[in-house]
Amino acid sequence: MIIRILKLIFIVTMLFGGLTKAEEINHLQLSESASKAKNFRFSLAKIYGDDQPLMLENTSSQVTFSLPVPMLWTPEKVTLNIKGAVSQGLNQRSQIAILVNGKVIKQYPLQTEDHNLNLAISIPTELLKVGYNQIKLMASQHYSDVCEFTEDPSLWTQINLVESNFEIDAKPSNLIATLNQLDGLFDKSSWIDQPTVKVLTSGKPDSAELTAISLIAQGIGQRYDYAPVTIEHGIFPKQLAGFNTSNSQVSVLLGSHSALKEYLADISIVNDKKPLIAVKTLSGTTNQYLVILAGSTPEQLRELSTAFALKGVPWPQLKSLELTDVQLPKTDNLQKRFSIPLAPTGAFPLRALEFRTTTYSDRNSDGATVKIWNSSWQGRMQVRLHLSYAGGMSTQSALNILTNGIMHGTIPLNNPQGGSYENYAVTIPAGALKPGWNTIKLQPILIPQSNGGQCQPFFNGNLGLTIYEDSTLQKFGGDELTKPDLALYSGKGSLFTEGPLGKGISFHLTDLSSDTLSTGLTLVAKLTQMFERPLLNSTFTTSQKADTKQQFWIGPYTKLPANIQNVFTGILPDHIQIDVPLIQSATVQVNGSFDNYWKLLESIGISQTTPPKLTGVNLKLSGALNHMAFIASDLVDGNTITVLTASNQTTLKSGTDALIDYGHWSQLQGSFAYWDPNAESLYAVTYADAPFSAYGLRGGLGLWISQNPWIALLLTLTFIGVMTLVLRKVLALYQQRKHCWTEEA
Amino acid sequence: MKNLSYTLAVIISFLIIGFFATLRLDYQAQLRISFALLATLILVYLASRIFRRPQYKSLFRLSIILISMVITMRYMVWRATETMPTQYGLVAMVCGLLLFMAEVYGFVNTLFGFFININPLPRKPIAFNLDSPDLPHVDIYIPTYNEDAAIIRPTVIAATQIQYPKDKLHVFILDDGGTVQKCNDPDPFKASQAVARATELKSIAERFGAGYLTREKNLHAKAGNINSALKHTSGDLLLILDCDHVPTEDFLLNTVGFFMADPKLFVVQTPHNFVSPDPLEKNLDTYHASPAENELFYDVMQPGLDFWGTSFFCGSAAVLRRSVINELGGIAGQTITEDAETTIDAMGLGYSTAYLNRPMVSGLQPETYSGFIVQRVRWGQGMLQIFLLKNPWLQPKMGFVQRILYTNFAFYWGFAASRLIMLLAPPAFLIFYINLCDATAIDLLGYAGPSLLASLVSTQYFYGRVRWPFISQLYEVIQSVYISQGLWQVLKNPRSPSFKVTPKGEVLNSDFISSLTMPFYILLAFNIAALIFGLIRLQTQPWGEGAILFVLFWASLDCILLLGALGVTYERKQERSEPRVIHKEPVKLIFSQGRTVMGTTTNASTSGIGIYIPANPRAPVQISKTEEIQILFTERNLALRGNTKSIRRYQDGSLQLGMLYVNESVAAERLAIAVAFGSSNKLSQNNAGRHSGRSIFTGFLYLVKFAFAQGVGHFIFLAHQNIFKKIKSALMRNHA
């Protein structure tokens, strides 16, 4: 809707003279400058998102990878190195074929002398296109020439995803950038792990510029889609010659026409009072690009950065463009995304979780996985499915419903004539959902009625299952979480923003140092990615006055305002206890008179002496929080306050850069997390550690008892014992009072 | 202040238990805690059977109540919040709600049971001076309507020989069958029968020194009969006896003292002690081993109610203060349970009640299933009428607890509808696919399992002595259909039911199937169909195995109960209407030649006695059936004459004689009554002999035995009647 309105505005602007002196430029022209080739190497594990070895099994098996090719680089040589092992049982007919975007480029026999797979496959670069390329490994495996069992266990090939990799020699693309290539400049298919984008202003940003650069950060974040991106704030030199091209391939410059005069020198400007957006290659380089946003007034800066923030705007194929009019639709006109109720008893369709009506027709289909936020302790959920299935399947066919990997129900697809269910309900019992993010997997098990017969090629038959997106999920009961949870940020979706496009969200910086600003901008970009929408109405400020529902405070601990410090004083530690779990691997018999009895008790879960489960180190954080970075969230006066802090700006920046990476970010949960920017792990204090404050007394007590059932039982029995005595006394007093004459008699 | 703080502590403690019940735990914790509590409950129960000192009793009782409450409350909260089938359509929602309400009923009833049994009051008789000039005059009323004179005769005889100063004891037969209205019935046969019966009753009254009272018209049933008699008598106390309730000699010695000690006392109720089997006991042949059905109420519940000052007048075997009845304007007659209604009126005036748990009457149960149903429907309807027409919450001067417990008296009868729902639930799920409870097998294991077992254990603790396990359920099943129907009538029109006299003393000449059996055939058919459907579903729907297995178990239990119910409706021949009680007393048999033999009585009735003669190898006893023998009761030094009716000789040479009295005099007849029914000690001993109880497992085996022996017997009889006899007659016709 937004995009459609903006397109309309843009077209109207162009038609009625908003566009001045348009320049026609050829698309993707190669620069005459000499190219600087670079070598990239990344493992298949990174692309596949899993570092476990991959098994290709049965007679026919395949796996597909997506090879990204960014617009800013042109691959000159691409080699796919595959390492793995093959089954000894494979015969000469066994082979593996490599397909690039559907075309077979190589075939290799799988029967090797040493039973290792060691391939270096050169991929023709002409078959690769900018964006994502499909690389398919198709194995055909046999152990016999006749009468073969297609699922024989000896039919396998294992690919080591960590050791297998793509090796790419590439040179900069030397493209002459135009506005319609903006998305390509901030390319999610980048080969660089965590690209950095510089956002530069002429000096320390004022409030208007702060708003503008936060919008720019949102635009950058959105364009990188899911890929972690670091945004660094800096000040651009007045002279172009002094421009530092260090670690960023693309820089966004924001300022007035006069401040950017040097940078706009080669761009024809009719009216320097009008806001201007331009892209250019940094002179003297072949792979450094500048996006320039020039505006004279705060309103113009906001308009420019808003236009930049909106992904999908149909920018023209021009180097620069003066924007005479950028209109945002009114907030009221914005349609909310499909609303997912957070209330404990809400029902919502699967399409709200981005599931779309899908037909599964593969025997080994993985099915669909939806991610659902559970904000309560205990409470059950019901999946009510609308589905149809094809005739001709075996009666053993079924659709399994798994929650967090545990199966809770199965829907029979057992009518050989096929059938459909309008509203088949499967209950996920209380306790199966954990507080936080949960996965619900719909796993089809489709089995053909006949496999073609003995010594025949395997016949899949008519396998088919359609799951409709109007299938619903409904949650019942449970003790609602009364505190915000950091895991909400780590899950993908738009659960947290009740107001449209960031309304009610504010980012508060403690200072305007480059590191603090960079931290704030990087966080804004990350949240934009997670919420899958720009946060146009959010506030990005250094003001310490905050009245929004969602407040993010960013800055060194010592610089946080006193009221925020007070809130988190109890959370931010001055030392850290790191627990190391102990695993008992064997039991050594110790002589004792009651060993047999204790064995019996231990078999039902009662231990003679509680064995230590954890040992740990207690680290004193000398100085003010030292080298750790922290993120904490709490509900204060009905507002969710999230603090991202560290001992100083530098640590905070490096901590945030580490945080937004896949590993750290996905570990966010609970009320408080801390991490060493240089380490892999992030330690989170979850609500299981602080049940009473998170779920209220009832939910918290339930959680505590669940964690300590035997202690709770002892307390319950003690309570009952005491109550028995008190009750007996009360009854005796009552009897004395009511039936005294009987007693006397 | 001390009382208040203790009471507050108890209230807060119960609130904490309630709060604990609402906590949501994960499966592991729920399983561990509930089964550990269940294990503790069982341990306490076992300990209560070993440590029997009185001071431990209350500790065990309270522990069992509290632990059971925790387990059951957790189940009910879970049931209410997690399992309601609100997502399977309207039918499932309504049916699920009905099932839930049935369970809520059971839960509330259990809580009432705990409350009532929390501290039963064991009263002992209060001694008084029989020579005191202040000794109250006592009128004994024996109201009768249409019962056989032979039933009334022992009651009148026993009443006239109650130990009490004769000048202060006045016995009256209140004959509502001999009213002017009845004797002038338009039907000449009925009129002549009424006249003959009235003449006979007058003769009995005259012969044994009692008064005979009747009235013009039969207005307001039993209450009207008593109120009419009040105009003709002036005793300070009234002992009311149903015409089949033969009192013991010490009845007034044990009860009058309470009135002399407490001027605000309105009634002393004593147990209705029955010496004949009810239809369940008769048709399932449990009478001699199992405790009487009403003992659960009179031996357990009434002492509990008495603690809370809520025991009530049950229509017979009770002494009432006349002045209070006068103050009330007579016995209440707005409902068909005039007894409880009168009590609530008296409580409304601030009077109290008492219950003495000592059996002092020997009464008759209704012989047939239909008679039993008439009696129970009347009770149920009456209690509901009281709640609707004399709402305890609107009565002045009643205490809070009294109001609650009077509400319970009406609420109790909800068991009928609840049981009916429980019988229909398995077919609804297994045949009609109606999802009644949205729960998984592991849920049921963690919540329902411990709750069910805790309920069995606590029931066994409180009632095991007087009720075998699962027999209560059988009683509920046989009453469920007709009481539900009766209560529905009251709900539609609270004043509609009329007083129906319980038929007693019926003679059943042959076996037959009760005419009220049809609903049980239908229910059984549904449940058997449910079993078949369930087994098919188990094969075809393995994914629902847990739930299907659970409901299959439930349906099996329902089938067993329904088969048991059919066993009850299979009425057995009963030629002897005269009750016979166990009796042990040394006797000397004096033969005509002067020869004597020592023996011990084994049972006694108004007309005869059983005697056991031990073996004597040196002088084997020879008895002729034609010989008249004098039976000397050595402890009383009184004798009766009798003829030998039966002789059974055992292998060791001992003999069992069945003697028939030759009661040619009033004195002999009086002695025969005194021997059989005169001693409350003997009645207590007899009851105690049936209090050994059965374990839960044995109780279940008995239930299965009843179901398969008597229930299947029902069908064999039916087949014999409807198929074999027809085939036989057809063959005979062909042959002819």
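In this predicted model, Glu82(B) is buried, with a relative accessible area of 6%. Because buried is taken to mean under 20% relative accessible area, Arg24(B), at 10% relative accessibility, counts as buried too. These two residues form a salt bridge with each other, in which the closest N and O atoms are 3.0 Å apart. Glu82(B) lies in helix α3 of chain B, whereas Arg24(B) sits in the loop between α1 and α2 of chain B, so the pair ties together parts that are 58 residues apart in sequence.

The side chains of Glu476(B) and Arg419(B) meet at 3.1 Å, N to O. Glu476(B) counts as partly exposed at 23% relative accessibility, while Arg419(B) is buried, with a relative accessible area of 14%.

Glu628(B) and Arg641(B) also meet through their side chains in a salt bridge, at 2.5 Å from N to O. Here the pair links strand β16 (residues 628-633) of chain B, which holds Glu628(B), to strand β17 (residues 638-649) of chain B, which holds Arg641(B), the two residues being 13 residues apart. Both partners are partly exposed, Glu628(B) with a relative accessible area of 30% and Arg641(B) with one of 33%. Salt bridges that share partners join Arg380(A), Arg24(B), Glu82(B) and Asp438(B) into one network. Over all chains, the count comes to 31 salt bridges.

The table lists salt bridges named in this report.

| Glu82(B) | Arg24(B) | 3.0 Å |

The last row leads to the interface between the chains. Contacts there involve 54 residues of chain B and 53 residues of chain A, and the two chains bury about 4700 Å² between them, 70% of it on carbon and sulfur atoms. On the side of chain B that touches chain A, the elements that give two or more residues are α1, α2 (27-50), α3 (54-82), α9 (251-261) and α11 (295-307) of chain B. The largest share of that side, 13 residues, comes from α1(B).

Helix α1 of chain B (residues 2-22) can also be examined on its own. Its 21 residues should span 30 Å at 1.5 Å a residue, and the end C-alpha atoms are 31 Å apart, which agrees. The buried residues of α1(B) are Val10(B), Ser13(B), Ile17(B), Gly18(B), Phe20(B) and Ala21(B). Viewed down the axis of α1(B), these buried residues fall within an arc of 160°, so they line one face of the helix. An α-helix has 3.6 residues a turn, so residues three or four places apart point the same way. On the other side of α1(B), Leu4(B) and Leu15(B) are exposed.

Key
Residues numbered from 1 in each chain as written. Chains lettered and ligands numbered in written order. Predicted model: local features only at pLDDT ≥ 70, side-chain atom pairs only at ≥ 80, totals over all residues. Heavy atoms only, no water. Helix = DSSP H or I, 4+ residues; strand = E, 2+ residues; numbered from the N terminus. Expected span 1.5 Å × (residues − 1). Buried < 20%, exposed > 50% of the residue type's maximum accessible area, 1.4 Å probe, protein only. Arc of directions from axis to C-beta. Contact = heavy atoms within 4.5 Å. Buried area = accessible area lost by both parts, 1.4 Å probe. Salt bridge = Lys/Arg side-chain N within 4 Å of Asp/Glu carboxyl O.
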